[in-house]
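Visitor: I would like a close look at a single part of this structure, the surroundings of its aromatic pairs. Please take me through it in one connected account.

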Amino acid sequence: MLGELTVTQIESLLHSQMVGRIGCHANGLTYVVPVTYAYDGTYIYGHTKEGMKIDMMRKNPKVCFEVDAMENMSNWRSVISWGEFEELTKPEDREMGMQKLLDHIMPFMTGETTVHHAMTDSHQKCIEAMQGVVYRVKLLEKTGRYEKR
């Protein structure tokens, strides 16, 4: 059975995942790239290095964001949303964005080697990460679909 997700199901899927895809468009080129994210009910928060994605979103802040959960080809859920990119430049905003991201990602860091190497000193990691670009996308419109057998 194919169907549409309810608002509650859309929100649940956005909150539950860690990796989504941002689609951006500038200078006649469309670019879709996976990103690690955290969702707070209004914004998608992310962190990255300078590059094509950031260059394009700075030129055209209108973006598309997609996230899905797939058990198999007949059992999946998908959300597509549209919103506006905003680069966080104030130190307190950057720190808040990074903290939301770290708080969301930590439960996924389950392996002993992953936790030890990647997050031994989360404060130090937060400081190191803040050297990149911290951003958020305000989600303005959302739609969701599913298939269940």
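Guide: Tyr37 and Phe65 are both buried, and since the model is a predicted one, what follows describes computed geometry. A search of the whole structure finds three aromatic pairs. One of them is formed by Tyr37 and Phe65, in an edge-to-face arrangement with 4.9 Å from centre to centre and 75 degrees between the planes. Tyr37 belongs to the loop between β3 (29-36) and β4 (38-39), while Phe65 belongs to strand β6 (residues 62-72), so the pair ties together parts that are 28 residues apart in sequence.

Another ring pair involves Tyr43 and Tyr45, whose centres are 5.9 Å apart and whose planes stand at 55 degrees, so this pair is tilted; the angle falls between the limits of under 30 degrees for stacked and over 60 for edge-to-face. Tyr43 counts as buried at 17% relative accessibility, and Tyr45 counts as buried at 2%, because the cut-off for that class is under 20% relative accessible area. Arg136, for its part, lies over the face of Tyr43, at 3.9 Å from the ring centre.

With strand β7 (residues 75-87), β6 pairs in the antiparallel sense over 10 bridges, and the two form a hairpin with two residues between them. In β7 the residue opposite Phe65 is Ser81.

Leaving out residues up to four places away in sequence, Ser81 touches Val63, Cys64, Phe65, Leu139, Glu141 and Lys142. Among these, Cys64 counts as partly exposed, at 24% relative accessibility. Cys24, by comparison, counts as buried at 2% relative accessibility, and the structure holds zero disulfides.

Leu139, another of the residues touched by Ser81, has its place in strand β8 (residues 133-147). Leu139 and Ser81 are 58 residues apart in sequence, yet their C-alpha atoms are 6.4 Å apart in space. Leu139 is buried too, with a relative accessible area of 8%. Apart from neighbours within four places in sequence, Leu139 is in contact with Leu14, Tyr39, Thr42, Ile44, Phe65, Ser81, Trp82 and Gly83.

In helix α2 (residues 52-59), the residues Lys53, Ile54, Met56 and Met57 are buried. They cover an arc of only 165 degrees around the axis, which puts them on the same side of α2. The buried residues of α2 pack against β2, β3, β5 (43-48), β6, β7 and β8. Among those elements are β6, the strand of Phe65, β7, the strand of Ser81, and β8, the strand of Leu139.

Definitions and conventions. Residues numbered from 1 in each chain as written. Predicted model: local features only at pLDDT ≥ 70, side-chain atom pairs only at ≥ 80, totals over all residues. Heavy atoms only, no water. Phe/Tyr/Trp six-rings, centres within 6.5 Å; stacked < 30°, edge-to-face > 60°. Helix = DSSP H or I, 4+ residues; strand = E, 2+ residues; numbered from the N terminus. Buried < 20%, exposed > 50% of the residue type's maximum accessible area, 1.4 Å probe, protein only. Lys NZ or Arg CZ within 6 Å of the ring centre and 35° of its normal. Pairing = 2+ DSSP bridges. Contact = heavy atoms within 4.5 Å. Disulfide = S-S within 2.5 Å. Arc of directions from axis to C-beta.
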